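Please look over the structure below before reading on.

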Amino acid sequence: LSPSQFLRRQQVLQLYRKILRAIREVPAEADRHYLKDWAREEFRRNKDATEEDAIRMMITQGNMQLRELQRTLKLAKS
């Protein structure tokens with residue numbers, strides 16, 4: 001792995017962990033299960049991606065979806 005690939009991999013793993021942590025906050029068990037399966041499948045489906053721009057775009061999309069989930073959870077609690 002080149003240094004940039006290593007850093008990108010770390011970003012992806014960090015995003016995956018953050019998404020799974022956020023999903024743990026979802027109150028309904030069925031929704032939690034669905035979201036966990038969805039996240040796993042998305043990351044698994046894209047695990048062989050090698051193009052830097054595509055990976056960067058997927059990380060950006062993942063971060064946007066994470067923020068949306070966090071915002072929704074915050075609204076649900078209030």
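## Overall layout

What is described here is a predicted model rather than an experimental one. The chain holds 3 helices and 0 strands, and its elements, read from the N terminus on, follow the order α-α-α. Taken along the principal axes, the box filled by the C-alpha atoms of the chain comes to roughly 45 × 20 × 15 Å.

## H1 against H2

Helix H1 covers residues 3-24, and helix H2 covers 29-45. The axes of H1 and H2 come within 9 Å and cross at roughly 170°; because angles over 145 degrees count as roughly antiparallel, H1 is roughly antiparallel to H2.

On the H1 side, this contact is made by Val12, Leu15, Tyr16, Ile19, Leu20, Ile23 and Arg24, while H2 brings Arg32, Leu35, Lys36, Ala39, Arg40 and Phe43 to it. Sorted by class, the contact of H1 with H2 has 9 nonpolar and 4 charged residues, and no polar ones.

## H1 against H3

Helix H3 spans residues 52-77, and it packs with H1 at an angle of about 20°, the two axes lying 10 Å apart. That angle makes H1 roughly parallel to H3, and H1 passes H3 in a left-handed crossing.

The residues of H1 that take part are Ser4, Gln5, Arg8, Gln11, Val12, Leu15, Lys18, Ile19, Ala22 and Ile23, and they meet Glu52, Ile55, Arg56, Ile59, Gly62, Asn63, Leu66, Leu69, Gln70 and Leu73 in H3. By class, the contact of H1 with H3 has 10 nonpolar, 6 polar and 4 charged residues. Val12 of H1, which takes part here, is also among the residues of H1 in the contact with H2.

## The largest pocket

The largest pocket has a volume of about 740 Å³, and its lining is formed by 27 residues.

When the residues of the lining are divided by class, 13 are nonpolar, 6 are polar and 8 are charged.

Conventions: Residues are numbered from 1 along each chain as its sequence is written. This is a predicted model: local features need pLDDT of at least 70, side-chain atom pairs count only at pLDDT 80 or more; totals for chains, interfaces and linings use all residues. Side-chain values use heavy atoms; hydrogens and water are left out. Axes are lines fitted to C-alpha atoms, for helices over the stretch in contact, and angles run from 0 to 180 degrees between N-to-C directions. Helices (H or I, at least four residues) and strands (E, at least two) are DSSP runs, numbered from the N terminus. Angles under 35 degrees count as roughly parallel, over 145 as roughly antiparallel, 65 to 115 as roughly perpendicular and the rest as oblique. A crossing is left-handed if the near helix is turned anticlockwise from the far one by less than a right angle, and right-handed if clockwise. Contact means heavy atoms within 4.5 Å. Ala, Val, Leu, Ile, Met, Phe, Trp, Tyr, Cys and Pro count as nonpolar, Asp, Glu, Lys and Arg as charged, and the others, Gly among them, as polar. On a 1 Å grid over the protein atoms alone, a cavity is a set of points where a 1.4 Å probe fits but cannot get out, and a pocket is an open set with protein on both sides within 12 Å along at least five of seven lines; lining residues have an atom within 4 Å of a point. Grid points are joined across faces, edges and corners, and a volume is the space filled by probe spheres set on the points.
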